[in-house]
Amino acid sequence: MPSTPRTASLLALPLASALLLTSCGSDAAAGGGGSPGGGGTDGSDGARVQVAASFYPLQWVTQAIAGDRADVTSLTAPGVEPHDLELSPQEVGEAVDADVLVTLGGFQGAVDAAAEERGDAPVVDVAPAADLEETPGTPAGGPSGDEHEHEGGASDAEEEHEHGLEEDPHFWLDPVRMSSVAAAVADGLSAADPDGASTYAAGLAGVQEELTALDDEYSTGLATCASRDLVTSHQAFGYLAERYDLEQRGVSGIGGEAEPTPARLAEVADFVRAHDVSTIYTETLLSPAVAETVADETGASTAVLDTLEGLTDASPGDDYPSVMRADLQTLREGQGCS
Ligand SMILES: [Zn+2]
């Protein structure tokens, strides 16, 4: 392996990794003794920066920026709702011991706790770059004008407790926000691993080119549509709606778990009839029962949009860009776009 200049520069990494690892976790006390810590830092994996990302879109963007220079894992397993993530002791260890942790601060309490345990080890919190809002793309009045009022006291408090965020976390469904987050991730990787800065800069350029193309496709694809009302079962598409001039009307709250009340369902059904909404969107990680209830009652049809919270076998693509493009196709059909 140590035969090319590129590999030679990578050989400097195990030292950096060991230094990072000794600043946290149980090896900290042994740091002065020069213990490599963590194990495996001399093996083939040791040549790569070990990054833990808190959920899939952050894993994708980080891996795309870092390329072969890093191994990026997701703390949220495929098919698991990231909203109320719990971490096993092994996953906590992964989050604490990784060379770099990439996360949306405030979104997942278990990851926030692990981030605190890292001491001074690098944590990239993308929240500032994601520019979160409370109710993006969601008009006042009508269904979901204020979802906090619809949940009822107890479930409202419960939801906020679960998510830890007042704001809508789903920034990744807006390619423009995703591009700002990509820049923050590249900065964080470069700060943690300065020798890789040129790799991360090149990776970022490629990722941002892809995200700009995606943004252009969405702008064009959703420019002229029969309906601009986006009726969804999980209000994950607020940033997307805001970006592309749609109005999100949720059937349940922002959180994955919220069960809508009968009054809320009736309100949405009225809205669907009054606005001639032809398609209600459900999503891959949640039961479509709620949307189907409204659809049955109103004669609308349902279609599946992927929230990209985690890839599964049911996902309509195998990475972030391909699933985003599949969602665009679904939206174009459901909204009657020309
Ligand atoms: Zn969500």
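Student: Is aspartate 245 buried or exposed?
Tutor: This is a predicted model, in which local features need pLDDT of at least 70, side-chain atom pairs count only at pLDDT 80 or more, and totals for chains, interfaces and linings use all residues. Residues are numbered from 1 along each chain as its sequence is written, and side-chain values use heavy atoms, with hydrogens and water left out. Buried means under 20% relative accessible area, exposed over 50%, and partly exposed in between (1.4 Å probe, protein chains only). The relative accessible area of aspartate 245 is 56%, so the residue is exposed.

Student: Where does aspartate 245 lie?
Tutor: Its phi is near 65°, a positive value in a residue other than glycine. Helices (H or I, at least four residues) and strands (E, at least two) are DSSP runs, numbered from the N terminus. Aspartate 245 lies in the loop between helix H11 (238-243) and S6.

Student: In which class of accessibility does aspartate 131 count?
Tutor: Aspartate 131 has a positive phi, near 55°, and belongs to the loop between helix H6 (127-130) and helix H7 (147-150). Its relative accessibility is 46%, so aspartate 131 counts as partly exposed.

Student: What is the strand order of the open sheet of four strands?
Tutor: Two strands pair if DSSP finds at least two bridges between them. Strands S5 (residues 229-232) and S6 run parallel and are joined by four bridges, with threonine 232 having glycine 250 in S6 as its bridge partner. The pairing in the open sheet is parallel, and the order is S6-S5-S7-S8.

Student: Which strands stand at the edges?
Tutor: Each edge strand has a single partner strand, so one side of each is left without a neighbour in the sheet. These are strand S6 (247-250) and strand S8 (301-305).

Student: What angle does helix H12 make with S5?
Tutor: Axes are lines fitted to C-alpha atoms, for helices over the stretch in contact (heavy atoms within 4.5 Å). Angles run from 0 to 180 degrees between N-to-C directions. Helix H12 (residues 262-274) lies across S5, S6 and strand S7 (279-283), and its angle to S5 is about 145°.

Student: Within what arc do the buried residues of H13 fall?
Tutor: In helix H13 (residues 289-298), the buried residues are Val290, Ala291, Val294 and Ala295. They line one face of the helix because, seen down its axis, they fall within a limited arc. Taken from the directions from the helix axis to the C-beta atoms, this arc is 130°.
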